[in-house]
Amino acid sequence: GVIRFSPEQVEKALTTVPRQVVLGARESRYKVVLTPNCQTRFMPSGTGVAVIDWETGKRRPSTTLDVEQFVRLSHAMTELDIARPVVTATDLPSLKTDLVEFLAGFRHTTKHFHHRVLRPENVATVIAMAEAVAGGSAELREEPLISVCFCPTSPLLMVPETARSMLAFAANGIPGLVLSMAMGGATAPATILGEAILVNTEVIATIALIQTLYPGCPVMFGSVSSVMDMSTAILALGAPERGVLNAILAGMANHYGIPCVMGGLSTDSKHVDVQSGYEKAMTAIPLLGRAGVIFGPGVLNSGNTYSLEQLVIDADAIGGLKKMNNPIDASEGRRACDLIKAVGPGHHYLEADHTMAHVRAYWRPGLFNRELTFGSQDARNDIAGRAQACIREHLESAEQEILDRKTADELEKMVKSALEDG
């Protein structure tokens with residue numbers, strides 16, 4: 001069937017959309033509050049079915065262990081504001097993997113956890129787990145520890161199972177991300193503006209549906225859309241058009257007053273290399289200061305493959321992107337002028353009190369190499385090698401279990417029961 005909204009119904013629905021979305025966390029320091037035009041935050045990409053094994057370098061199907069490791073790295077990387085499982089546990093029954101992936105989120109991070117469900121029957125178990133960790137349904141509604149994403153099927157369709165799952169979460173007050181994945185030239189018009197209009201229509205129509213049935217439910221406007229490569233027919237996630245398209249859509253979300261999540265830090269490269277670096281920069285920089293959240297760290301291969309090494313490298317780059325996004329203190333101008341007069345021509349600023357007060361203000365990379373000398377040429381001097389050392393350090397030192405044993409056992413019983421039910 002076709003759902004049709006009158007302009008008046010859409011306008012009414014938009015008036016009930018919260019202008020602030022609270023993404024709660026078990027530790028208050030990780031709480032994220034999204035508003036239109038807020039400072040940009042970052043979360044990993046997802047949810048793929050293959051990884052580049054960080055120890056062997058071989059591509060293989062993702063497993064339950066990979067899910068756990070991606071959650072733990074998402075938690076350990078301070079630059080990442082929100083955690084995700086990133087990949088799918090393909091070693092489990094295909095329509096139940098989301099339950100085990102949510103369980104990994106509850107067990108291995110105290111950050112806000114974002115994911116999706118595969119069918120409506122799984123929603124009740126996810127809600128029950130979240131309530132057990134939050135301390136009850138009222139506590140979960142007040143500061144949701146989880147949020148979920150749902151993708152319209154471009155152009156202008158919604159799979160029934162997706163709609164039912166989305167509305168089941170909305171009934172429980174869980175923030176929902178409406179995430180379009182349109183492909184310009186295939187499932188959307190072949191111009192950036194035409195595709196932007198289609199994506200905007202899909203997202204606003206879905207938000208109107210949610211708000212009509214559950215007024216005031218927290219929602220986010222999202223797009224991981226891009227264009228089709230006309231030679232290979234892939235969804236080109238590293239295309240420069242993607243950065244422009246999603247920057248336009250972020251502007252639309254801010255116009256409506258809806259917090260937004262946009263795809264960036266994306267690449268079509270199969271490896272951690274020069275191509276992945278420049279494509280990730282092209283798709284992220286246009287979104288700074290526009291998107292509330294940039295969604296993409298860890299992704300390779302047009303979203304078909306994921307990498308712990310890439311996740312760690314992206315996290316390091318995010319530190320620089322956040323620095324670029326910091327506002328400039330306008331009051332500093334007068335102090336700088338006084339200092340320049342005092343130091344005068346031909347002298348340096350190394351010993352100035354002003355320099356000492358700001359010496360730690362510059363961003364310093366954790367993995368990128370700024371040394372003047374070449375040094376040794378072993379693998380550890382390569383950025384991928386340094387990323388591997390970082391992964392090993394975090395996986396060996398990080399707590400295996402963040403959740404208390406009693407609650408963890410309760411959640412495991414819920415998931416086991418749901419898996420046994422078919």
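**Stop 1**

Start by selecting N37, which sits in the loop between β2 (32-34) and β3. Helices (H or I, at least four residues) and strands (E, at least two) are DSSP runs, numbered from the N terminus. What is the phi of N37 near? Phi of N37 is near 60°, a positive value in a residue other than glycine. Most residues other than glycine have a negative phi, and most peptide bonds are trans.

Before moving on, some housekeeping: this is a predicted model, where local features need pLDDT of at least 70 and side-chain atom pairs count only at pLDDT 80 or more, while totals for chains, interfaces and linings use all residues. Residues are numbered from 1 along each chain as its sequence is written, and side-chain values use heavy atoms, with hydrogens and water left out.

**Stop 2: two cis peptide bonds**

Next, select G46 and T47: the peptide bond joining them is cis, with omega about -5°. T47 belongs to the loop between β3 (41-43) and β4 (50-52).

Now jump to S154 and P155, also joined by a cis peptide bond, here with omega about 0°. P155 lies in the loop between β8 and α6.

**Stop 3: the largest pocket**

The volume of the largest pocket is about 760 Å³. On a 1 Å grid over the protein atoms alone, a pocket is an open set of points with protein on both sides within 12 Å along at least five of seven lines, whereas a cavity is a set where a 1.4 Å probe fits but cannot get out; lining residues have an atom within 4 Å of a point. Grid points are joined across faces, edges and corners, and a volume is the space filled by probe spheres set on the points.

Which element gives the largest share of this pocket's lining? It is α6, with 3 residues. Both β8 (146-150) and α6 supply at least two residues of the lining. By class, the lining has 15 nonpolar, 15 polar and 5 charged residues (Ala, Val, Leu, Ile, Met, Phe, Trp, Tyr, Cys and Pro count as nonpolar, Asp, Glu, Lys and Arg as charged, and the others, Gly among them, as polar).

**Stop 4: α6 against α4**

Stay with α6 (residues 160-171) and bring in α4 (residues 123-134): they pack at about 30°, with axes 10 Å apart. Axes are lines fitted to C-alpha atoms, for helices over the stretch in contact, and angles run from 0 to 180 degrees between N-to-C directions. The two helices, α4 and α6, are therefore roughly parallel (angles under 35 degrees count as roughly parallel, over 145 as roughly antiparallel, 65 to 115 as roughly perpendicular and the rest as oblique). To see the contact (heavy atoms within 4.5 Å), show V123, V126 and I127 of α4 with S165, A168 and F169 of α6.

**Stop 5: α1 against α7**

Finally, select α1 (residues 7-15) and α7 (residues 192-213), whose axes come within 9 Å and cross at roughly 70°. That angle is why α1 and α7 count as roughly perpendicular. Here V10, A13 and L14 of α1 meet I204, A208, Q211 and T212 of α7.
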